[in-house]
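This report reads a structure through its contacts, its core and a handful of individual residues. Please keep the sequence and the model at hand while reading.

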Amino acid sequence: MSTDTSRRAEHWQRTKTLMMITLTIWFIFSFVVHWFADSLNAVTFLNFPLGFYMAAQGSEIIFVITLFWFVKSQHAIDRDCGFAEEE
Amino acid sequence: MIKGDFIDNLPKVYAMYTGGFLVFVLIMAIFEQMGMSADTIGILFVAFTIVIYAAIGWLSRTMAVDAYYVAGRQVPAVFNGMATAADWMSGASFVAMAGGIYFGGHGYLAFVVGWTGGYILVASLMAPYLRKFGCYTVPDFIGTRYGGNLPRFLGVVVLAVASFTYVTAQINATGTIASRALGIPFEVGVWFGLSGILLCSMLGGMRAVTWTQVAQYIVLIIAYLVPVFWMSNKQGFGLIPQFVYGDAVARITELEALHGMGTLEPITEGVKGGLKALSVPFAAAGDSWKFVTLVFCMMTGTASLPHILMRYFTTPSVKAARQSVAWSLMFIFLLYFTAPALATFTKLQILDPELATGIIGKSIADVQALEWIQKWSAVGFAQIIDANADGILQLNEFFMRGDIVVLATPEIAGLPYVISGLVAAGGMAAAMSTADGLLLAIANALSHDLYYKIIDPQAETKKRLLVARVLLLVIGAAGAFVASLKLTSILGAVAWAFDFAASGLFFPIVLGIWWKRANRQGAIAGMIGGFCVGTWYLYMIRWGGMDIWFGIDHLRFAIIGMPVSLALMVIVSLMTPEPDAETQAMVDEIRIPSGDTVLGSSH
């Protein structure tokens, strides 16, 4: 059972790391960029003021990409540690 | 008829359904050319779609507990994503979001950011673990993880308050749309809307709601996207409107200066209730603190609202639950990144005097002769007041309701009436699907957690499902009754539901998964403390005459409730004994995807 315990520990450690990375990206694009929206608006992106663009589209696009990446990464962790479900 | 092979044939079934719907739209367009009246087309659109949903509800009827509560756990990830998107996007998202952006500009986009980014929290912190747990409802998790009836009961209370706040607004929206499309009084429209909703959910519970929500998503997304694509191409902005409206945003900023935004005196006298004139610059960033606090409340609320979380209990596996969150976000994103584009195009149509549709800066007599102005003024959705009596319409002299942006855009832009009928059907689908999910969340929590788990654990399956259906009926009727009283302005915003849920449920759920040390006493303190302090703050600033703290208004009261919930939960947990070994082993078990669910498939 000790191998099971160590596999579980490794799985949970990697899961926690992935969660932290995901939430860091989440935090930056949920709060940080919008906090500085005023300064970003001085920059033009695709003819949009950048601050407005990030709120209207940019953050949302990054959320979608992040989430699909998260799903893939978490599944890789599950598989590596032998905890993936049988298909 | 709907079993086994139905699941295998899902893509085919829904492809045929989508094709059939498009054919219906085409037939309506032909009828319009042949001279069928606008009213008849509106009635046919709403009636046809409701009949389809009701038929799906009837075909999905069931007497099995796991089919009723979690759709038999066999909904594939992509389809569950569509169902969640319909469950999620309410009548408010569909009808009011673009209008909110039209009036609120950049500041209002906090809702768009919050209502999408919340799904990152759902996927990384909650959904896969709750799926592995195998619960039927959110209080089912809280009750089992923390043990005892009190945490379960508190979970039911928070769920019921948050969801009921929300469902009343949805039934109200179905009533509004039904009454306008069918030409019946609002009070009748509310009950009509409710019967449609109940037809979808009563016989088949979660299974029926799932398959109708997929159908409703298809209708609502077509209805939202078609007018925007049409307008964009008609105005020569380009094929994919969402990526090319940057120029339009810049033009609006120019026009706002031209029309004297910010220098005109606001007019308040004689303005009808609910109507507003433009006063906020579109692209200018507002108050950063207000923006991020609203984003935070909407995100944590998203991750705590039980009618969303319970959708992820229906997938065949933990992996599918995770995938399905990503698909949900993708499907929601399709509508949410279109809403700012729609708001921008509509705004440009109205502001730009060089466009044929522009009204600001034109003569009031000409504007009042426009058909859409007459029609929407007659129902109190638009108003013109020539305050300075110069016969020219200024920016501060034109008032309208936000709802118009979606509902009237086809007319403003001069699109055929069949598009307006399509939009009405889309709004109805959005409101019905959300109301269905919410009613089911409340009724399931009351029947499974309150009745079966607390009051009568010996109840037979038949009796449990009967109770569940009776409760659905009673709660639906209560919601329709409250909606028919038109108390929505008193009941407040949809945002409250998010704040209630986040204040009471966010930390008990998250810490239940991520912190083994969290125990029963802590969860009880966290739920009571967070929910009560949040509610107290809302009451005090709204009706108690208290000044708001740090700019945290009634839309953001979770900012007050959540820290209290977290602090109490941590402190009380640490002051009391740690959970027993069995509970800790259970937490270990939900953290890995493989193996059996903690709760049996029928419990």
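## Confidence of the model

The structure is a predicted model, and its scores are an ipTM of 0.94 and a pTM of 0.91. For chain B the mean pLDDT is 86, with 97% of the residues of that chain reaching 70 or more.

## Contact between chains A and B

Where the two chains meet, 38 residues of chain A are in contact with 40 residues of chain B. On the side of chain B that touches chain A, the elements giving two or more residues are α7 (109-133), α13 (246-258), α14 and α16 (318-336) of chain B. Of these, α16(B) gives the most, with ten residues. Sorted by class, this side of chain B holds 26 nonpolar, nine polar and five charged residues.

Leaving out residues up to four places away in sequence, A:L67 touches B:Y119, B:I120, B:A123, B:V325, B:A326 and B:L329.

## The largest nonpolar core

In soluble globular proteins, nonpolar side chains tend to be buried together. In this model the largest nonpolar core has 235 residues, and the members that touch the most other members are A:L67, B:M126, B:L130, B:L220, B:L439 and B:I442. Helix α22 (residues 417-455) of chain B supplies the largest share of this core, namely 21 residues.

## Two helix pairs in chain B

Helix α14 (residues 288-302) of chain B packs against helix α27 (residues 558-575) of chain B at an angle of about 60°, and the axes of the two helices are 10 Å apart. The helices α14(B) and α27(B) are therefore oblique to each other. From α14(B), the residues B:T293, B:F296, B:C297, B:T300 and B:G301 take part in the contact, where they meet B:A558, B:I559 and B:M562 of α27(B). The residues of this contact comprise five nonpolar, three polar and no charged ones.

A second pair involves helix α8 (residues 138-146) of chain B and α22(B), whose axes cross at roughly 35° and come within 8 Å. Here B:P139, B:D140 and B:G143 in α8(B) meet B:A445, B:H448, B:D449 and B:K453 in α22(B). By class, the contact of α8(B) with α22(B) has two nonpolar, two polar and three charged residues.

With its neighbours within four places set aside, B:T434 is in contact with B:D87, B:S90, B:G91 and B:Q170. Although B:T434 and B:Q170 are 264 residues apart along the chain, their C-alpha atoms are separated by 6.9 Å.

A further example is B:S201, which is placed in helix α10 (residues 186-201) of chain B. With 27 C-beta neighbours inside 10 Å, B:S201 is classed as buried. Not counting residues up to four places away in sequence, B:S201 touches B:G57, B:A208, B:V209, B:D436, B:L439, B:L440 and B:L472; among them, B:L439 is also listed with the core members that touch the most others. The C-alpha atoms of B:S201 and B:T212, which are eleven residues apart along the chain, are separated by 8.7 Å.

## Positive phi angles and a partly exposed helix residue

Residue A:L46 is not a glycine, yet it has a positive phi of about 50°. The position of A:L46 is in the loop between β1 (44-45) and β2 (48-49) of chain A, and A:L46 is partly exposed because 13 other C-beta atoms lie within 10 Å. In chain B, B:R73 likewise has a positive phi of about 50° without being a glycine. This arginine, B:R73, lies in the loop between α4 (65-70) and α5 (77-88) of chain B, and B:R73 counts as buried, with 20 C-beta neighbours inside 10 Å.

Is B:I27 buried or partly exposed? Located in helix α2 (residues 10-33) of chain B, B:I27 has 13 C-beta neighbours inside 10 Å and therefore counts as partly exposed. From C-alpha to C-alpha, B:I27 and B:I240 are 26 Å apart in space, and they are 213 residues apart in sequence.

Notes
Residues are numbered from 1 along each chain as its sequence is written. Chains are lettered from A and ligands numbered from 1 in the order in which they are written. This is a predicted model: local features need pLDDT of at least 70, side-chain atom pairs count only at pLDDT 80 or more; totals for chains, interfaces and linings use all residues. Axes are lines fitted to C-alpha atoms, for helices over the stretch in contact, and angles run from 0 to 180 degrees between N-to-C directions. Helices (H or I, at least four residues) and strands (E, at least two) are DSSP runs, numbered from the N terminus. Angles under 35 degrees count as roughly parallel, over 145 as roughly antiparallel, 65 to 115 as roughly perpendicular and the rest as oblique. Two residues are in contact if their C-beta atoms, placed from the backbone, lie within 7 Å. Ala, Val, Leu, Ile, Met, Phe, Trp, Tyr, Cys and Pro count as nonpolar, Asp, Glu, Lys and Arg as charged, and the others, Gly among them, as polar. A nonpolar core is a set of buried Ala, Val, Leu, Ile, Met, Phe, Trp, Tyr and Cys residues joined through C-beta atoms within 7 Å. A residue is buried if 20 or more other C-beta atoms lie within 10 Å of its own, exposed if 12 or fewer, and partly exposed in between; C-beta atoms are placed from the backbone. pLDDT is the predictor's confidence in each residue, from 0 to 100.
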